[in-house]
Amino acid sequence: MDETEFWEIVDSTREAAEGDPEDHAELLVDRLLQADPDAVLDFARHFESRYHRAYRWDLWGAAWVLLGGASDDAFDYFRCWLIGQGREVFEGALHEPDSLADLLGDFDEEIDGDGEELGYAADEAYEELTGAVAPDLGIPAGPAEPEGTPFDFENTAELERLYPKLSERFGSSGA
């Protein structure tokens, strides 16, 4: 599976789910069940590598503004959700996290921003296909600490300075 196919699967299942992250995860599992186990592992490698790429302080700050706070777990689930938003949103957010204010359409604080189930979709599909737990993906482990320079998420003035568009649209304390 190449990168284009990975993003096509993400996009088509998100569109079919009409943006609902839980439905998206279910449809993603269903779609992966149509593939062979090796393709599912390829999908998992693509997902995991993007998940690691998004482990950055600047993106965590954007998630903090967007979600009104983001614990370690909440940021993990946010990164899964961000991948689920597709290539344009994902790459745009990595390039400039504040651009999420422009890249995101409607944002429902009750369901958006949490893609925990998306992170398990490939594992679930692999296990259903093979009856076994997915093997090690053979890719480097993610960084121990987020990339970039840490800063105080509780500093509203700093958040507003770093994320002016997100702060204006979602308020520095979240949606």
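Predicted model: local features only at pLDDT ≥ 70, side-chain atom pairs only at ≥ 80, totals over all residues.
Local features need pLDDT of at least 70 and side-chain atom pairs count only at pLDDT 80 or more, while totals for chains, interfaces and linings use all residues. Residues are numbered from 1 along each chain as its sequence is written, and side-chain values use heavy atoms, with hydrogens and water left out.

Helices here are DSSP runs (H or I, at least four residues), numbered from the N terminus. The axes of α3 (residues 37–53) and α8 (residues 121–130) come within 9 Å and cross at roughly 165 degrees. That makes α3 roughly antiparallel to α8 (the term covers angles over 145 degrees). At this contact (heavy atoms within 4.5 Å), Pro37, Val40, Leu41, Phe43 and Ala44 of α3 meet Ala122, Ala125, Tyr126, Leu129 and Thr130 of α8.

As for charged pairs, the whole structure holds 10 salt bridges, each a side-chain nitrogen of Lys or Arg within 4 Å of a carboxyl oxygen of Asp or Glu. One of them joins arginine 87 and glutamate 3, at 3.2 Å from N to O. Arginine 87 sits in α6 (residues 87–95) and glutamate 3 in α1 (residues 3–16), so the pair ties together parts 84 residues apart in sequence.

Within helix α5 (residues 72–84), arginine 79 pairs with aspartate 76, their closest N and O atoms being 2.6 Å apart. Arginine 79 is buried, at 3% relative accessible area, whereas aspartate 76 is partly exposed at 21% (buried is under 20%, exposed over 50%, partly exposed in between, with a 1.4 Å probe and protein chains only). Beyond its neighbours within four places in sequence, arginine 79 contacts Tyr51, His52, Ala54 and Tyr55.

Terms used. Axes fitted to C-alpha atoms, helices over the stretch in contact; angles between N-to-C directions. Helix = DSSP H or I, 4+ residues; strand = E, 2+ residues; numbered from the N terminus. Parallel < 35°, antiparallel > 145°, perpendicular 65-115°, else oblique.
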